[in-house]
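Hi there,

Here is the structure I promised to pass on to you. Have a look at it first, and then read my notes below.

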Amino acid sequence: MLGRIAFFRFIDVFGDIKMPISNNSQNPGSSLIPVYRPDLSGNEKAYVIDCLDTEWISSIGIYTEKFESYFSNYVGCGHAISVSNGTVALHLALHCLDIGPGDEVIVPTFTYIASVNTIRQTGATPVFVECNLDDWLIDIADVERKITSRTKAIVAVHLYGAVCDMLALRRIADAHRLSIVEDCAEALGSTLDDQHVGTFGDVGTFSFFGNKTVTTGEGGMVIANDKALADRLRKVKGQGQSLDRRYWHDELGFNYRMTNICAAIGLAQMERIDAILFRKRQIGALYRQLLQDCPVHFQHIQDNVVSSDWLVSLLLPSKSDRDTLMKSMRNRNIDSRPVFYCAHQMPMYDCGLAYPVSEHIAKSGISLPSYPALSDDDVAKVVDVLKSCAGFQ
């Protein structure tokens with residue numbers, strides 16, 4: 001009984017990740033459609049209770065191994081190493097590729113800030129590049145322009161479920177002997193030519209935050225095909241402790257381990273990932289259909305890409321007042337969010353340069369409710385409110 005009480009207290013905390021909570025304080029009794037809500041309708045509860053009943057609640061337990069195995073089989077990689085969140089997944093990858101002071105790492109400025117912060121955390125210098133106007137992803141030509149003798153790696157960010165041109169990036173990286181880290185935080189389930197993201201580069205990283213396609217509350221995964229690199233990733237995430245000699249630490253490490261409880265939730269989520277992705281893609285297609293006659297632009301998906309449709313996002317007309325629009329939609333019980341701000345505009349990264357394409361997308365982009373429990377009627381309601389508030393009707 002105590003285990004079950006503890007579990008439900010855990011769910012109370014875990015439930016706080018809904019984006020945002022599902023009521024509107026300005027209009028009590030009305031239901032707000034949030035941007036995201038995790039789907040915990042599978043074996044999550046049973047597996048977490050098993051962790052509590054068996055008292056395996058820390059980083060050792062059967063669910064960690066099961067989750068990693070299921071994940072590696074799903075994405076088609078040699079090795080999957082679970083970690084405590086998506087940000088440390090990036091840092092661990094960069095660190096284990098021996099990136100540090102004096103090195104430069106190319107990264108798009110239009111991305112979530114973790115893609116950039118983790119470069120700086122190694123002591124290396126982030127070098128910003130533009131993105132494409134059509135798919136909002138890393139501009140290959142700008143990558144080539146920014147390579148110097150100090151460049152050591154490229155971070156390819158698969159934003160909102162779309163996929164970077166990994167074949168071109170791989171050719172560039174091989175020609176200049178650079179490493180590639182794929183930031184797949186938003187792209188679990190996305191493929192290029194039937195190959196899953198994260199398997200084109202040297203290392204792929206994933207996030208399982210509460211608004212991701214698969215969630216563990218907080219959590220992440222690092223994948224690699226090279227066994228020696230994978231062994232080092234696993235060793236360094238556990239304080240640099242030898243993998244075969246307990247309490248022997250022969251290199252600098254970190255405590256980036258995932259708990260057995262989080263892995264239990266992740267395993268339950270992965271058991272239903274095909275159904276989750278199927279519904280999210282239906283939602284994405286319905287948004288595009290219902291808004292096809294409106295002056296908005298969706299992120300373009302290449303013909304050889306299957307997107308996870310993680311967070312359906314679009315660009316508003318250039319003269320739109322996005323903040324006012326979002327506020328008006330919120331007052332009518334539809335939540336939304338802006339897309340990411342450009343990293344080069346942040347105070348700690350302000351380089352005095354302009355990236356007009358990225359800045360345009362960051363200023364005009366909006367993300368709509370995209371969680372798998374949305375009904376078709378919910379999507380239609382979101383679209384009706386968006387059209388009305390934007391003056392598209």
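Let me start with burial: 56% of the 393 residues in the chain are buried, where buried means under 20% relative accessible area, exposed means over 50%, and partly exposed lies in between (1.4 Å probe, protein chains only). Please keep in mind that this is a predicted model, in which local features need pLDDT of at least 70, side-chain atom pairs count only at pLDDT 80 or more, and totals for chains, interfaces and linings use all residues. Residues are numbered from 1 along each chain as its sequence is written, and side-chain values use heavy atoms, with hydrogens and water left out.

Now the overall fold. The chain has 13 helices and 14 strands; these are DSSP runs numbered from the N terminus, with helices being H or I of at least four residues and strands E of at least two. Along the principal axes, the C-alpha atoms fill a box of roughly 65 × 60 × 40 Å. Of the contacts with a separation of 6 or more, 69% join residues 24 or more positions apart (a contact means heavy atoms within 4.5 Å).

What about the surface? The chain exposes about 17000 Å², and carbon and sulfur atoms supply 50% of that area (Shrake-Rupley method with a 1.4 Å probe; for residues, only the protein chains shown count as cover).

Ser-328 counts as partly exposed because its relative accessibility is 27%. Its C-alpha atom is 41 Å from that of Ala-46, which is 282 residues away along the chain.

Enjoy exploring!
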